[in-house]
Amino acid sequence: MTAGAVPTRIGGTAEPAGLSRLAVATLDANWEHDHTVPSRTLYPHQWSWDSAFIAIGLAHVRPGRAWRELASLFRAQWADGRVPHIVFNPALRVGAYFPGPELWRSADVPGAPSVATSGLVQPPVHALAALLAYRRAPDQHGLAALRQLYPALVAQQRYLAQRRDVAGDGLVCVVHPWESGLDNSPAWDEPMAAVDAEAAVMRAYRRHDTAHADAAHRPTDLDYARYLAIVAAYRDHGYADRDLADGHPFLVECPLFNAAFSSAEHALADIAALTGFDPGPHRVRADRVTEALVRRLYDPGTGTFQPRDLRTDRLVGARTVLGLAPLLLPNLPNRQVDALVAEATSARFGVARRMDRPLPSHDRTAPDFEPLRYWRGPSWLNIGWLVRRGLTTHGHPELAAGLRRSMIDLVAGAGCHEYFHPDTGAGLGSPAFGWTAALLLDLLADESTC
């Protein structure tokens with residue numbers, strides 16, 4: 001089966017073996033010597049949290065490749081511990097992706113790796129991915145790879161804890177919407193509106209994304225001008241995290257990013273126990289981050305978690321799927337768990353035992369809900385996978401099962417697309433998308449897997 005083919009449905013759902021073959025074919029087609037590209041068209045380099053999700057799926061079918069995936073990403077780790085959100089393939093021509101290495105100029109920064117990278121990070125789901133890759137294929141090779149990766153994972157967490165706690169409250173601050181992973185979410189509209197930029201700036205550039213996807217589905221030129229202004233501010237400061245509070249134009253504490261940060265400490269505790277290190281400090285830090293997350297980002301008025309804009313010291317009002325991410329945390333207090341389950345099962349997000357529509361990325365009852373535009377409504381498998389894991393963790397297997405079936409049905413109906421229409425399930429964005437294929441394999445493996 002070719003990577004772009006959609007398997008034939010049998011009795012209303014696609015046959016699991018056919019879906020598995022589709023997913024493996026997609027991952028094989030996207031393999032690039034030591035890593036998997038998200039897609040051959042729109043994303044031809046290596047992306048950080050993509051590689052983490054992809055490793056989870058690869059562990060089911062290509063376990064050696066899963067460890068190569070993670071190892072290749074961490075070879076690009078900076079001396080300060082940051083794991084860049086893009087690692088550029090030097091074999092590709094200049095202009096193959098925008099913004100490319102010529103904009104980031106990582107070679108000018110002391111402590112950057114020899115390969116060109118961005119200077120931003122993404123949610124630290126890598127420790128969880130490494131732990132799950134080992135659990136999916138527990139052998140001596142995997143244990144050795146886990147032991148070798150552990151110090152780099154610890155350094156990643158140390159960077160975030162020491163360099164990105166801008167408010168000094170125990171939470172990590174993102175310095176660009178791209179660091180959240182949900183690049184164009186309505187959650188960023190308020191803090192982005194304060195970034196000084198003009199859409200006309202984009203006349204000097206050729207956007208790569210709108211050459212491969214409908215411009216009506218992508219961020220606007222004004223959004224992109226603001227993205228580039230934030231990159232330039234950080235780059236021109238040498239990607240240094242000192243004095244960010246004094247002038248960096250975008251500073252936000254994100255619930256998904258910090259849920260991933262706390263979840264990573266839980267995963268590191270388990271990895272430490274497996275590999276002969278002390279798990280105790282990781283458990284202590286996980287509790288501290290979760291406490292700070294509840295204290296700083298939980299809004300009892302809405303019963304969900306919301307980003308905090310450090311420029312105004314206010315919670316952002318948009319109710320997006322970001323708010324459900326703290327369900328990942330096993331130590332989340334019962335009050336917040338119950339509130340998030342109520343939020344997930346509300347008309348805003350529609351999680352149910354039998355779902356008639358997939359999980360959207362934004363409140364589908366909101367006036368600014370956009371079913372076609374990137375992160376402003378469409379459904380994504382990686383976010384559904386995280387929410388499902390959280391529901392399973394907190395004793396809601398029936399809801400987790402409904403979400404699992406909904407995600408599998410998306411791919412059965414449309415193939416391994418980057419994202420999907422939140423009403424019709426139509427495939428959107430890039431076809432043959434890496435993490436969609438990988439997480440499909442994980443969903444197919446065992447409905448109780450978490």
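User: How much space lies in the second largest pocket?

Analyst: Before the number, keep in mind that this is a predicted model. As for the general idea, rolling a probe the size of a water molecule over the atoms shows where empty space is left. Here, the second largest pocket holds about 230 Å³ of space. It has 14 lining residues, and the ones closest to its centre are His-266, Ala-267, Asp-270, Pro-330 and Arg-389.

User: Which helices supply at least two residues each to that lining?

Analyst: Look for α5 (126-136), α12 (255-275) and α15 (381-393). Of the elements around this pocket, α12 gives the most, with 5 residues. Sorted by class, the lining of the second largest pocket comes out as 7 nonpolar, 3 polar and 4 charged residues.

User: And what about the largest pocket: how much space lies there?

Analyst: That one has about 280 Å³. Its lining is made of 18 residues, and Met-355, Asp-356, Arg-405, Ser-406 and Asp-409 are the closest to the centre.

User: Okay, now cavities. How many of 30 Å³ or more does a search of the whole structure find?

Analyst: The probe idea carries over, except that in a cavity the probe fits but cannot get out. The search turns up 5 cavities of 30 Å³ or more. In the largest cavity there is about 290 Å³ of space. A set of 28 residues lines the largest cavity, with Tyr-43, Trp-47, Tyr-97, Asp-183 and Tyr-374 nearest its centre. Two elements give two or more residues to that lining: α2 (48-61) and α10 (221-236). By class, the largest cavity is lined by 19 nonpolar, 4 polar and 5 charged residues.

User: Which residues line the second largest cavity?

Analyst: Here's the list: Pro-177, Asp-183, Asn-184, Ser-185, Trp-188, Asp-189, Met-192, Asp-223, Tyr-227 and Arg-376. The space inside the second largest cavity is about 50 Å³. Helix α8 (189-193) and α10 each supply at least two residues of this lining. The split by class is 4 nonpolar, 2 polar and 4 charged.

User: Let's move to helices. At what angle do the axes of α2 and α3 cross?

Analyst: Two packed helices are described by the angle between their axes and the distance between the axes. For α2 and α3, the axes cross at roughly 165° and come within 7 Å. That angle makes α2 roughly antiparallel to α3, since angles over 145 degrees count that way. Their crossing is left-handed. From α2, the residues that meet α3 are Ser-48, Ser-51, Ala-52, Ile-54, Ala-55, Leu-58, Ala-59 and Val-61, and on the α3 side they are Pro-63, Arg-65, Ala-66, Glu-69, Leu-70 and Leu-73. This contact has 10 nonpolar, 2 polar and 2 charged residues.

User: Are α3 and α6 roughly parallel or roughly antiparallel to each other?

Analyst: Start with the angle: helix α3 (residues 63-74) and helix α6 (residues 140-163) cross at roughly 25°, and their axes come within 11 Å. They are therefore roughly parallel. As α3 passes α6, the crossing is left-handed. On the α3 side the contact uses Gly-64, Trp-67, Leu-70 and Phe-74, while α6 brings residues including His-141, Leu-149 and Gln-156. The contact of α3 with α6 counts 8 nonpolar residues, 4 polar ones and no charged ones. Notice Leu-70, which is in this contact and also in the one with α2.

User: How far apart are the axes of α2 and α17?

Analyst: They are 8 Å apart, and α2 packs against helix α17 (residues 434-445) at an angle of about 40°. So these two helices are oblique to each other. The crossing of α2 and α17 is left-handed. Among the α2 residues in contact are Trp-49, Phe-53 and His-60, and α17 answers with residues such as Trp-435, Leu-439 and Asp-442. By class, the contact has 10 nonpolar, 3 polar and 2 charged residues.

Terms used: Residues are numbered from 1 along each chain as its sequence is written. This is a predicted model: local features need pLDDT of at least 70, side-chain atom pairs count only at pLDDT 80 or more; totals for chains, interfaces and linings use all residues. Side-chain values use heavy atoms; hydrogens and water are left out. Axes are lines fitted to C-alpha atoms, for helices over the stretch in contact, and angles run from 0 to 180 degrees between N-to-C directions. Helices (H or I, at least four residues) and strands (E, at least two) are DSSP runs, numbered from the N terminus. Angles under 35 degrees count as roughly parallel, over 145 as roughly antiparallel, 65 to 115 as roughly perpendicular and the rest as oblique. A crossing is left-handed if the near helix is turned anticlockwise from the far one by less than a right angle, and right-handed if clockwise. Contact means heavy atoms within 4.5 Å. Ala, Val, Leu, Ile, Met, Phe, Trp, Tyr, Cys and Pro count as nonpolar, Asp, Glu, Lys and Arg as charged, and the others, Gly among them, as polar. On a 1 Å grid over the protein atoms alone, a cavity is a set of points where a 1.4 Å probe fits but cannot get out, and a pocket is an open set with protein on both sides within 12 Å along at least five of seven lines; lining residues have an atom within 4 Å of a point. Grid points are joined across faces, edges and corners, and a volume is the space filled by probe spheres set on the points.
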